[in-house]
Amino acid sequence: MVCLGSNAARSFTVRLIPAAILCVLLIVPACLFGQNPIDADGEQQLLTLINRERTKAGVAPLKLDTRLTAAARKHSQRMIDQDNVAHQLNGEDVLLLRLVAEEVRTDHDGENIAKHSDVQAAHEALMQSPGHRANILNPEFNAVGLGVLRDESEIFVTEDFAHVLASYSDFEADAAAQQAISDFVRAHGMPAPERKTRTQLTHMACDMAKSDKIDAQSARSISGTTSAVAWTATDLHQLPAGLRSVLSQPVTSGYSLGVCFGASKSNPGGVYWLLFVTY
C-alpha cells in the first residue's frame, strides 16, 4: 500500500513538472511579444468614416480585406513595440512586401499611420494632411486593411490601402488571357483564331519572370512563327498595343499563348508574363 502510494506520488510529481515548464514557456513569449488589444469596433468605425469621405467625394467605397487588415495590425503592433510612428520600422519590409507576405496581389498600394487619443481624432488628423487625405480618397484603391491597437490611453492606427487584383489559378489566368484575345477579334468582326497548344511558351513566359526581362525574340526563334509579342500585365483583360495591332488582321494560321505569374526584382509583388505567337 505504501509503495503504491509512493509510486502514485512520484507519478503525480512527474506530470506536474512538464506542465509547470510548459506554463512558463507559454507565459514568457506572451510577455516578450505581447499583442496589444485590438479595437475591432474602432476599425469598423474607421471604415465607416473612410467610406463616408469617399462617398462625399464621388469615389467608390473600399472593401475591408482581411489580409490587408492582418498586415495593418502587425504594423500597428510594431509601432507600439518600437514606440515609433513610421512607415518602415527596424527589421520590417517595405509595404509591398508586407502585403505580398499576406498573399495580396496588388499593383498599387499606400499606407496611412497615426497615433492619437481616439479613432475620430485620428481620422480628422489624417484628413487634414494632404498626402494622407489623397490615400483615403484615391479612386485607384478598391480595398483597405485597418489596424487599430490600443496602448493605455492612446491608439496606434495603420490604414493599408491597395488595388487588389483578382487571384487566378494558372488555368484561370490562361483562360482569361485567351478570352481577352477572342473578345478583341470578335469585336472587330473577325472569327476567333484557332489556338494551338505549345507548352514551350509557358516555360518561356516563366523564364522572362526569372530573368526580369520581356523577351519576344526567343519566341520568334520557334520554327514556323510569323510574329511574336511579349508583355506583362496586372489585368489580363487588357491587351497591349502591339498585340492589338497583330489581332487587327485575321490570324488565319492560328496562334499559341504562354502565361506565367511571377515576381521579379522590378515587380516584387508579381505580375503576369505573357507570350503570344502567330504562325
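Visitor: Is Glu152 buried or exposed?
Guide: Glu152 counts as exposed because its relative accessibility is 75%. Here buried means under 20% relative accessible area, exposed over 50%, and partly exposed in between, with a 1.4 Å probe and protein chains only.

Visitor: And where does Glu152 sit?
Guide: Glu152 is in the loop between E3 and E4. Helices (H or I, at least four residues) and strands (E, at least two) are DSSP runs, numbered from the N terminus.

Visitor: What can you tell me about the phi of Glu152?
Guide: Glu152 is not a glycine, yet its phi is positive, about 60 degrees. For background, most residues other than glycine have a negative phi.

Visitor: Before we go on, what kind of model is this?
Guide: This is a predicted model, in which local features need pLDDT of at least 70 and side-chain atom pairs count only at pLDDT 80 or more, while totals for chains, interfaces and linings use all residues. Residues are numbered from 1 along each chain as its sequence is written, and side-chain values use heavy atoms, with hydrogens and water left out.

Visitor: Got it. How many helices and strands are there in the protein?
Guide: The protein has 10 helices and seven strands. Of its 279 residues, 41% are buried.

Visitor: What about contacts in the protein between residues at least 6 apart in sequence?
Guide: Of those, 69% join residues at least 24 apart. Contact means heavy atoms within 4.5 Å.

Visitor: Let's pick a helix. How many residues does H3 have?
Guide: H3 covers residues 66–82, which gives it 17 residues. From first C-alpha to last, H3 reaches 24 Å, close to the 24 Å expected at 1.5 Å a residue. That expected span is 1.5 Å times one less than the number of residues.

Visitor: What happens at the ends of H3?
Guide: Asp65 caps the N-terminal end, with a side-chain oxygen 2.8 Å from the backbone nitrogen of Arg67. After H3 comes Asp83, with a positive phi near 50 degrees. Asp83 is not a glycine either, and belongs to the loop between H3 and H4. Asp83 counts as exposed because its relative accessibility is 59%.

Visitor: Which residues of H3 are buried?
Guide: Among them are Leu68, Ala72, His75, Ser76 and Ile80. The buried residues of H3 pack against several elements, including helix H2 (40–56), strand E2 (106–116) and strand E4 (154–164).

Visitor: Tell me more about Ser76. What does Ser76 touch?
Guide: Not counting residues up to four places away in sequence, Ser76 touches Gly147, Leu149, Phe156, Val157 and Thr158. A polar atom of the Ser76 side chain lies 2.8 Å from the backbone oxygen of Gly147. Ser76 counts as buried because its relative accessibility is 0%.

Visitor: New topic: at what angle do H5 and H6 pack?
Guide: Helix H5 (residues 119–127) and helix H6 (residues 130–137) pack at about 105 degrees, with their axes 6 Å apart. The axes are lines fitted to C-alpha atoms, for helices over the stretch in contact, and angles run from 0 to 180 degrees between N-to-C directions.

Visitor: So what do you call that arrangement?
Guide: H5 and H6 are therefore roughly perpendicular to each other, a label used for angles of 65 to 115 degrees.

Visitor: Which residues meet there?
Guide: His123, Leu126 and Met127 in H5 meet His132, Arg133 and Ile136 in H6. H6 also holds Asn135, which is buried because its relative accessible area is 16%. Beyond its neighbours within four places in sequence, Asn135 contacts Arg54, Gly110, Glu111, Asn112, Phe141 and Phe161.

Visitor: One last stop: where is Ala192?
Guide: Ala192 is in the loop between helix H7 (170–187) and helix H8 (199–211). Ala192 counts as partly exposed because its relative accessibility is 32%. Leaving aside neighbours within four places in sequence, Ala192 is in contact with Ser182, Val185 and Arg186. Ser182 and Val185 are among the buried residues of H7.

Note on methods
A polar contact is a pair of N or O atoms within 3.5 Å; within protein, one must be able to donate a hydrogen and the other to accept it, and residues adjacent in sequence count only if both atoms are side-chain atoms. Angles under 35 degrees count as roughly parallel, over 145 as roughly antiparallel, 65 to 115 as roughly perpendicular and the rest as oblique.
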